[in-house]
Amino acid sequence: PSNAREANVQGVVLLDTVIARDGTVIKVQPVSGPEALTSAAMEAVRWWRFEPYQVNGEPTDVETTLAVEFRM
């Protein structure tokens, strides 16, 4: 985000994320990281697509923690 860049804010944002069986992100909750970067990290992750997690060969929802790093 431009305001964080201007303030030289850097760091890692951790997000609890639920990935649906089709690989889309269906839930994102911040865990930690600079508050100025949290919204941008959450917005970016919502656009990501993943290879579906499988159990016994069947796609399933999965909850995981993702790290998004912002650096200059």
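Colleague: Before we start, what counts as buried here?
Modeller: A residue is buried when its relative accessible area is under 20%, exposed when that area is over 50%, and partly exposed in between. Please keep in mind that this is a predicted model.

Colleague: Then what share of the residues count as buried?
Modeller: Of the 72 residues in the protein chain, 25% fall into the buried class.

Colleague: And how much accessible surface does the chain have?
Modeller: The accessible surface is about 4,900 Å², and carbon and sulfur atoms account for 47% of that.

Colleague: How do E1 and E2 run, parallel or antiparallel?
Modeller: Strand E1, residues 11-19, and strand E2, residues 25-32, run antiparallel and are joined by 6 bridges.

Colleague: Which residues other than glycine have a positive phi?
Modeller: Asn 8 is one of them, with phi near 60°, and Asn 56 is another, with phi near 55°.

Colleague: Where are they?
Modeller: Asn 8 lies in the loop between helix H1 (2-6) and E1. Asn 56 is in the loop between strand E3 (53-55) and strand E4 (58-60).

Colleague: Is Asn 56 buried or exposed? And why is Asn 8 classed as partly exposed?
Modeller: Asn 56 is exposed because its relative accessible area is 77%. Asn 8 counts as partly exposed because its relative accessibility is 48%.

Colleague: Changing topic: what about Thr 17, buried or exposed?
Modeller: Thr 17, which is found in strand E1, has a relative accessible area of 0%, so Thr 17 is buried.

Colleague: What does Thr 17 contact?
Modeller: Leaving aside neighbours within four places in sequence, Thr 17 is in contact with Val 25, Lys 27, Val 28, Val 45, Val 62, Glu 63, Thr 64 and Leu 66.

Colleague: Lastly, how far apart are the mean positions of the positive and negative charges?
Modeller: The mean positions of the 6 positive and 10 negative charges are 3 Å apart.

Key. Residues numbered from 1 in each chain as written. Predicted model: local features only at pLDDT ≥ 70, side-chain atom pairs only at ≥ 80, totals over all residues. Heavy atoms only, no water. Pairing = 2+ DSSP bridges. Helix = DSSP H or I, 4+ residues; strand = E, 2+ residues; numbered from the N terminus. Buried < 20%, exposed > 50% of the residue type's maximum accessible area, 1.4 Å probe, protein only. Contact = heavy atoms within 4.5 Å. Areas by Shrake-Rupley, 256 points an atom, 1.4 Å probe, with all protein chains shown as cover. Lys, Arg positive; Asp, Glu negative; His and termini not counted. Charge placed at Lys NZ, Arg CZ, Asp CG, Glu CD.
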